[in-house]
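Let's take a walk through this model together. We'll go from its rings to its sheet and then on to its cores.

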Amino acid sequence: ECRLGGSAKRSYSITSCASVFQVNVRDALNQAMDEELERDERVFLLGEEVAQYDGAYKVSRGLWKKYGDKRIIDTPITEMGFAGIAVGAAFAGLRPICEFMTWNFSMQAIDQVINSAAKTYYMSAGFQTVPIVFRGPNGSSAGVAAQHSQCFAAWYGHCPGLKVVSPWNSEDARGLLKAAIRDDNPVVFLENEMMYGVPFELSEEMMHKDFVIPIGKAKVERQGTHITLVSHSRCVGFCLDAAAVLAKEGVECEVVNLRTIRPLDVDTIEASVMKTGNLVTVEGGWPQYGVGAEICARIMEGPAFNYLDAPAVRVTGVDIPMPYAKILEDHSVPQIKDIIFSVKKVLNM
């Protein structure tokens, strides 16, 4: 296989393969921003530590050296301020990428995200586009306690005017971030800190500078016949791991990677449920009014409901602020065993 090293240089060594590259999620995001900054001079990145420090999570590594102070801008610690600057820049015809060090800090700027960015295109009767990407790590990490651990997929997925994207692997990260930057609407881009260093294989086609994944389209990551698992972000990997364990017991799970929270690809979910007759949703966020709750409601309201052999079940984070202690934290987010347990419950095993 080929291995892709050095994110800034993107040099790679080929060792007998049909051009398959190993790229971690961090480098996939870095490449996507690099290529879009190069492609369109209206694109710029701003946020805390994004420039000289190369990003708090090194996602913007090398970009400041390449593009300079005008395109890669370090901001003071004031989300309300720099999100407002970014929205104003989008109004004026630029295409900002606004990085939140974590999405928890977007609470400081939620007025800018919802009232300024999300609603302006509609309130201007289609006159004023708002081409902006808000991005950064979302959901629980490790040992960062309650104020830094919530998932905002349901928060922002609730709001018309936004597109909400939640990538899982390097292909998602690369293709969806490029699509988000090119989109004329505000996009909330929910990354996962625990996935940044995880490598995935990318084909030559995926490495092309015009590779984009359409926003609003889910992907079936694993074909199956007995039960549908629908998930997004890091939990997609948990679903695939659970499916591998269950396959040894003769249960074939179909795993759907949502990729996009809003707009929700109900057609793909319905087609899968009509095929398998069973549904489990998996997410790291809280249960009440969550992404899984919305999926269950959509299935109940649509044609796939008549195909269900058992009630749909949600696997979610626990309905509490995130504890700091590691053992309690582990019990507060979905584990592979929780998914397996829920699948067996639905299938009455």
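Eight aromatic pairs turn up here, if rings of Phe, Tyr and Trp (its six-membered ring) pair when their centres lie within 6.5 Å, with planes under 30 degrees apart called stacked, over 60 edge-to-face and the rest tilted. One of these is a tilted pair of Tyr 57 and Tyr 196, 5.6 Å centre to centre with 45 degrees between the planes. Helices (H or I, at least four residues) and strands (E, at least two) are DSSP runs, numbered from the N terminus. Tyr 57 has a relative accessible area of 18%, so it is buried, and Tyr 196 is buried with 1%; buried means under 20% relative accessible area, exposed over 50%, and partly exposed in between (1.4 Å probe, protein chains only).

A word on the ground rules: this is a predicted model, where local features need pLDDT of at least 70 and side-chain atom pairs count only at pLDDT 80 or more, while totals for chains, interfaces and linings use all residues. Residues are numbered from 1 along each chain as its sequence is written, and side-chain values use heavy atoms, with hydrogens and water left out.

Back to the rings. Phe 82 and Phe 100 make another tilted pair, at 6.2 Å centre to centre and 40 degrees between the planes. Phe 82 belongs to helix H3 (residues 79–91), while Phe 100 is in the loop between E6 and H4, and both are buried.

How many residues of strand E4 (residues 43–47) are buried? Five of the five are, so the rest of the structure largely encloses this strand. Val 43, Leu 45 and Gly 47 point one way from E4, and Phe 44 and Leu 46 the other. E4 pairs in the parallel sense with strand E6 (residues 95–99) over five bridges, and Leu 45 has Ile 97 as its bridge partner there. E4 also runs parallel to strand E5 (residues 72–74), joined by three bridges, with Gly 47 opposite Asp 74. Elsewhere in the sheet, strand E8 (residues 163–165) and strand E9 (residues 187–191) are parallel over three bridges, and Val 164 stands opposite Val 188.

Finally, the cores. A nonpolar core is a set of buried Ala, Val, Leu, Ile, Met, Phe, Trp, Tyr and Cys residues joined through side-chain atoms within 4.5 Å. The largest one has 59 residues, of which Val 280 and Ile 339 touch the most other members. Helix H7 (residues 235–247) contributes the most, with seven residues. A second, separate core of 43 residues includes Ala 89, Trp 103, Phe 134 and Ala 218.

How values were computed: Pairing = 2+ DSSP bridges.
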